[in-house]
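These are my notebook entries on the structure shown below. I record what I looked up, entry by entry.

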Amino acid sequence: MLTMVMWIGLAGLLSHQEKDKALEGFVVPYRLSKTQHIVVRARLNGSAPLNFVMDTGAPAFFVAEEPAKKAGITPDESGWAIIGDLQFEGQLKAKKVKARIETPFQLKGMNGMGLAGMELHGMIGYSILAQYEIKLDLKKDHMIWTPLHWTPPEPKGFGGGGKKNSQGATLELVGSFMQGLGSLTGGKAALTPKVQGFSGLALEQNEGKVVVSSVFTGSPAAKAGLMPGDEIKRIKDEEVKNLADAKRKLSMIGAPEEVTFSLVRGKETLSVTFKTAFGF
Amino acid sequence: MTKYILAFGSFLLIISPISSRETHKAPMEILKTGHLRIHVKINDKGPYPLVFDTGAPLNLLSNKIGKDANIKRKPGRSGISLMGPMGEADIASLDWSGATVQNVPTMILDHPTIKALADHLGPIEGIVGFPFFSRFVMTINYQKAQVLLEASDYVPEDLMKNTMAFMFQRDAKPLAPPTIPTFGILLSKEPDPKYHGLVVEAVLPGSLAEKAKLVKGDILISVNHRWVDNHSLLFRVLGEQWVKGPVDLEIIRQGKTIQAKLEKPQGTSP
């Protein structure tokens, strides 16, 4: 994401790790968004976790206005704020980090279209990235960030305020480019992983039958009266073919969701209905 | 004789990805704005000045480079945009200080942001992004003004191709969700508003959660070092392929952070 910003000559307040693990790297987990952005999660002053793009194309640490407001961060007149406590997912913590409170148009565009499969709340750019040696291997689920013991030069801006309008116009054009890209890429991508409902059953295959091997005490299945030895014939009115099929059917059930099992217990045929719970 | 040479040739081809797995030291220039300028050869032409951007999901090159380096545009994927001619193409070879990738997708477009940057910072003709750097294990060091690049087996998805496929396979059957092991923890529907974790509502007797000494009221903050501030994230972490052994938990109990470990489950029935 290529971002420009008007730099105001604020003194560089740079972050310091709480525990200075000299020369040792910090594990910084990330996820790849559907838009192929490297997304790192962070909490600002104890806020709910927010999603940031690891972005060498951004000169600063950008936090969108809305999440900044929710985290109780108020920018100064020039749009900057100092975040007292920045905590990354994983191990890394930093104090007194300078952030630009602004919603870059690229984020607006992507969030508007839901392209990334997650909401993006900002970008981690030069002012933070330059302080670490960053190792990224896309075959791993985390980066290693090793603190560099130096003070990166303060980035310099694009001159006076007179340029702001012409820049604004330029950025707007880029915004329309992003939207053009959006129409190419087919709009919203729904990629939230499905929450699986908890029933508390263990199953096994026994002479071609799918049978309850155990039921967790206190689980929804136990409360509904399912018992070890029950043969499962149907789940949600669909025939159970084998153990793998039964497991697949169970994993498709959300939480909380009502589910009916058709059972054979001894010579009796019965049906049991319960609501799955949140849990695992 | 020719036969042997051919055979030897194809042998070289097969082993070349491994033998070329050296680490390339690629220099970069930190511009006064904090952006990174690098010099890249394209189809053996150049080097051209480009911005190295880990936030860019696409490569982007100017029409000038497109012409100069003889980049073949994909038929039917080109046209005129608000910003002039634009198109999609594959770069036959992209080389940054010896770190080379073949057949890299790019957009060809004269982008106004690039122009605005170049006006202030000197020559910049495009962006190198994900389709290039994802092919390497990459170590960025601003202090040394250098990126170490070591070839990787990672194969990036073609963003364009992928989303087209996504569009046409909308009605395709969704993949079966992963089978999540049973640990015997019942959780609150909503996360705790202060700690942003899921609250343990019950620990089932005889379960691995009981064995790990979890108790009702514990707030589950992270699983295998990933925050679980909602159920969807929890299931993503539980379903990820690297969750095969014991599961590390971070818990808030009476305001204090504690660590716990769930043993690897015997069965995996839901």
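I began with a bridge between the chains: A:Ile134 has B:Ile140 in β10(B) as its bridge partner. I noted that strand β9 (residues 132-136) of chain A pairs with β10(B) in the antiparallel sense over 4 bridges. Two strands count as paired if DSSP finds at least two bridges between them. Helices (H or I, at least four residues) and strands (E, at least two) are DSSP runs, numbered from the N terminus.

The model is predicted; local features need pLDDT of at least 70, side-chain atom pairs count only at pLDDT 80 or more, and totals for chains, interfaces and linings use all residues. Residues are numbered from 1 along each chain as its sequence is written, while chains are lettered from A and ligands numbered from 1 in the order in which they are written.

Next I looked up the contact, where two residues touch if their C-beta atoms, placed from the backbone, lie within 7 Å. Chain B gives 71 residues to the contact and chain A gives 76. On the side of chain B that touches chain A, α7(B) supplies the largest share, 6 residues.

I then examined helix α7 (residues 231-239) of chain B, in which 7 of 9 residues are buried (20 or more other C-beta atoms within 10 Å of the residue's own, C-beta atoms being placed from the backbone). Among them are B:Leu233, B:Phe235 and B:Val237. The buried residues of α7(B) pack against β13 (198-203), β14 (219-223) and β15 (226-227) of chain B.

Finally, I turned to chain A, where strand β6 (residues 80-88) and β7(A) pair in the antiparallel sense over 7 bridges. A:Leu86 has A:Ala94 in β7(A) as its bridge partner.

Note on methods. A residue is buried if 20 or more other C-beta atoms lie within 10 Å of its own, exposed if 12 or fewer, and partly exposed in between; C-beta atoms are placed from the backbone.
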